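Please examine the chain below and follow its architecture through a series of questions and answers.

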Amino acid sequence: MKSKLSKLIITIGAVFCVGLGLAVNHNQQPNKVEAAQYLNNYPAYHYGGNYYNTIDFTSSEGMNGNLRASLTSLIYPKGFYTYGSSGETHLSTQLQYADEDPNNKSNMIYLYTRDSVKKNAASSWNREHVWPQSLSNNNWGTGGAGTDILHIRPTYNDTNSKRGNDLYGDNQKSGPLYYNNMLYGYNGGRYFEPLDEVKGDVARIVMYVWTAYKTYYTNMPSILNVFESYDVLLKWHTMDKPDVMEGNRNNYSETSKQKNRNPFVDHPELAWKIFGEKASSNVVSACKEAYPADGQIIVDDKNLVGIWITGEARKKDYYAGETFNPDGLTVTAYYDDQTSSEINVNNCTWYPDPLIAGATSVTCSYQGFTAEYEGITVSEREVQGGQFSVEFKNNGSDSGTGISANNISNYWQNNTLVKSISNPVKIYPGANGLKIGSSSADGSITFNLVDDAKNNITDISVTTTKYSGGGAFIVKVGNTTVASGVEAGSLFKKQLNYVSADTITISGTSRIYLNAIVLIAGDSGSHTSSSSSQYSSSSSSSISSSNISISSSSSSSESISSSSKEISSSKEEISSSSEQISSSEQLSSKEEISSSELPSSSVIDENSSTSEAPSIIDSSNPEPSSKGRPEVEEKSTGCNGSVVILPFTGFSALIGLVFVFSKKKK
């Protein structure tokens with residue numbers, strides 16, 4: 001009997017341990033390097049050296065002002081390391097020093113996952129161009145900015161390839177990406193969105209690259225080549241403040257061959273002084289509040305443990321596509337020293353943004369913590385919009401005769417969108433539509449819209465065809481850039497927030513063919529989510545209010561209805577519950593720029609507070625949520641901080657074993 005009982009206990013223990021192991025595997029948080037990258041340790045990092053003694057921080061502001069010009073002269077690297085394989089003169093070796101884990105000098109820290117990994121040959125990790133080569137007007141390569149240790153960061157091969165060359169932007173945290181159970185970002189929409197605690201790092205690197213190389217490259221790309229907007233750039237810089245890890249990298253760079261620093265880490269107020277002219281006033285105001293003009297900060301060592309929303313929003317009823325207005329709300333930050341302080345509601349990243357029909361709540365994200373406000377109503381706007389469009393004829397072959405405002409009508413058909421054009425630069429009749437650009441220069445053209453198409457613009461679609469060798473394009477509606485660095489050969493679609501504009505400007509990088517433009521606009525119309533646009537390959541085409549046929553010798557018949565078909569990017573979404581990739585599977589014998597940074601043809605679619613005592617916040621969670629005031633006292637979670645749930649299969653097996661061992665022999 002004792003033998004049976006012993007077997008039963010051993011078996012139960014084994015089954016329980018298996019179940020426990022599975023439960024911990026699915027619930028424990030990744031081992032992040034919090035000691036090196038605090039979410040709120042900006043006060044712990046403050047540069048006091050003399051590197052900037054020659055800079056007049058009170059000089060003229062703006063992207064083309066004296067302040068920016070003097071910074072460009074100062075921070076351009078004095079030397080570069082080579083991109084090659086090994087040795088002290090090579091980038092791969094230097095990155096292991098620059099990104100060294102300050103708590104374990106045998107390890108280095110990877111960018112997106114933020115985990116500490118043993119230093120090793122670069123064949124097992126990628127040298128990530130934070131500003132992808134394919135979005136750089138082909139400038140970076142393996143020289144200049146392509147080997148700058150303040151630009152290039154180490155990442156897992158797989159995270160680099162899944163990040164790809166999407167622009168940085170807000171996806172409202174949809175489409176989570178995992179590597180070995182570590183959440184490292186989102187790509188559920190048109191953009192790649194890193195973790196909140198990495199967003200500021202990315203924004204400051206991009207601002208550094210643009211400023212340092214502004215005059216070095218003759219065709220230096222715009223920040224909008226890589227970022228959704230200047231608003232997002234400054235929001236990320238504001239919400240995720242400079243940390244000790246970034247300071248360590250700056251210190252290493254200054255003593256290296258480069259002998260330079262990233263000024264947006266040392267003087268974060270420079271962000272709004274230089275780029276604020278391109279951002280909205282409320283975003284700039286929040287950035288100024290976070291980083292005062294004099295650069296002075298209050299140094300303390302308290303840590304944020306959670307946030308809490310109180311009050312009532314003055315505006316609660318919205319239409320889809322609008323942005324949430326937090327007026328009337330108070331957001332309070334709570335710290336581990338039992339203190340609290342009110343934070344500017346504009347320092348929150350509120351999502352979803354824009355609001356979507358059916359939403360009843362919004363979430364404030366602040367320095368890695370979140371709090372939800374419930375009680376809003378978001379309805380679909382009941383407008384009956386008109387569709388306006390223009391197609392461009394195939395000329396049979398490319399012509400070297402430029403198109404002007406006087407003869408443009410000879411090269412379009414079925415036009416209900418364009419009244420006239422202005423500022424045509426390198427625009428020609430093309431074999432597959434309107435050819436933009438030549439072998440010697442990029443091209444652009446501005447379309448002046450008919451009156452009925454100028455107001456309440458809700459959707460825009462642009463269809464292009466590749467020229468030999470490829471090329472990309474930029475789309476501006478009025479003065480707002482809605483697409484940048486989009487590869488030709490794709491259908492670009494984006495919903496707009498009922499904007500008004502007199503013009504649409506299309507610019508090409510290298511050479512591209514423009515096939516058609518479609519707008520939904522006017523006082524009577526609806527989003528393309530309830531209308532249909534059909535694209536077919538035919539020699540003649542007709543446009544109606546419900547569909548458009550576009551002539552293109554390079555495309556096959558394709559019918560797109562956004563009410564029945566959602567177009568997603570050609571990326572692979574990885575779930576930690578279904579796929580785990582070990583770093584050993586990523587070994588490569590070559591060191592080269594990740595192929596994920598090369599452009600690829602694709603179809604692109606952009607599409608109430610309580611006064612009750614709140615629950616405890618786990619500050620070790622990379623993305624904790626708070627609806628109320630967090631408790632500060634320590635707590636025990638057990639099992640390495642995981643909630644242990646015995647898997648159902650393990651539990652079933654346990655019951656079965658109990659039954660078998662307890663049954664008497666006949």
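This is a predicted model: local features need pLDDT of at least 70, side-chain atom pairs count only at pLDDT 80 or more; totals for chains, interfaces and linings use all residues.

Residues are numbered from 1 along each chain as its sequence is written, and side-chain values use heavy atoms, with hydrogens and water left out.

Q: Which residues of helix H10 are buried?
A: Helices (H or I, at least four residues) and strands (E, at least two) are DSSP runs, numbered from the N terminus. Buried means under 20% relative accessible area, exposed over 50%, and partly exposed in between (1.4 Å probe, protein chains only). In H10, which spans residues 281–290, the buried residues are Val283, Val284, Ala286, Cys287 and Ala290.

Q: Why do the buried residues of H10 line one face of the helix?
A: An α-helix has 3.6 residues a turn, so residues three or four places apart point the same way. The arc is that of the directions from the helix axis to the C-beta atoms. Seen down the axis of H10, the buried residues line one face because they fall within an arc of 160°.

Q: Which helices are included in what covers the buried residues of H10?
A: Contact means heavy atoms within 4.5 Å. The cover of these buried residues includes helix H6 (230–239) and helix H9 (270–275).

Q: At what angle do the axes of helix H3 and helix H7 cross?
A: Axes are lines fitted to C-alpha atoms, for helices over the stretch in contact, and angles run from 0 to 180 degrees between N-to-C directions. Angles under 35 degrees count as roughly parallel, over 145 as roughly antiparallel, 65 to 115 as roughly perpendicular and the rest as oblique. H3 and H7 are therefore oblique to each other. The axes of H3 (residues 91–98) and H7 (residues 244–255) come within 9 Å and cross at roughly 130°.

Q: How is helix H2 oriented to helix H5, parallel or perpendicular?
A: The axes of H2 (residues 66–75) and H5 (residues 196–212) lie 8 Å apart, and the helices pack at an angle of about 90°. This makes H2, relative to H5, roughly perpendicular.

Q: Which residues of H2 and H5 make the contact?
A: The contact of H2 with H5 comprises five nonpolar, two polar and one charged residues. Here Ala, Val, Leu, Ile, Met, Phe, Trp, Tyr, Cys and Pro count as nonpolar, Asp, Glu, Lys and Arg as charged, and the others, Gly among them, as polar. H5 supplies Tyr208, Trp210, Thr211 and Ala212, and H2 supplies Arg68, Leu71, Thr72 and Ile75.

Q: Which residue of strand E5 stands opposite Trp125?
A: Two strands pair if DSSP finds at least two bridges between them. Strand E4 (residues 125–129) is largely enclosed by the rest of the structure, because five of its five residues are buried. Five bridges join E4 to E5 (residues 152–156), and the two strands run antiparallel. Opposite Trp125 stands Tyr156.

Q: What is the bridge partner of Trp350 in strand E14?
A: An open antiparallel sheet has three strands in the order E13-E14-E15. E13 and E14 (residues 361–366) pair over three bridges. The partner of Trp350 is Cys364.

Q: Which residues does Ile408 contact, leaving aside its neighbours within four places in sequence?
A: Ile408 lies in the loop between strand E17 (386–392) and strand E18 (412–413). This residue is buried, with a relative accessible area of 3%. Beyond those sequence neighbours, Ile408 is in contact with Ile403, Ile421 and Leu434.
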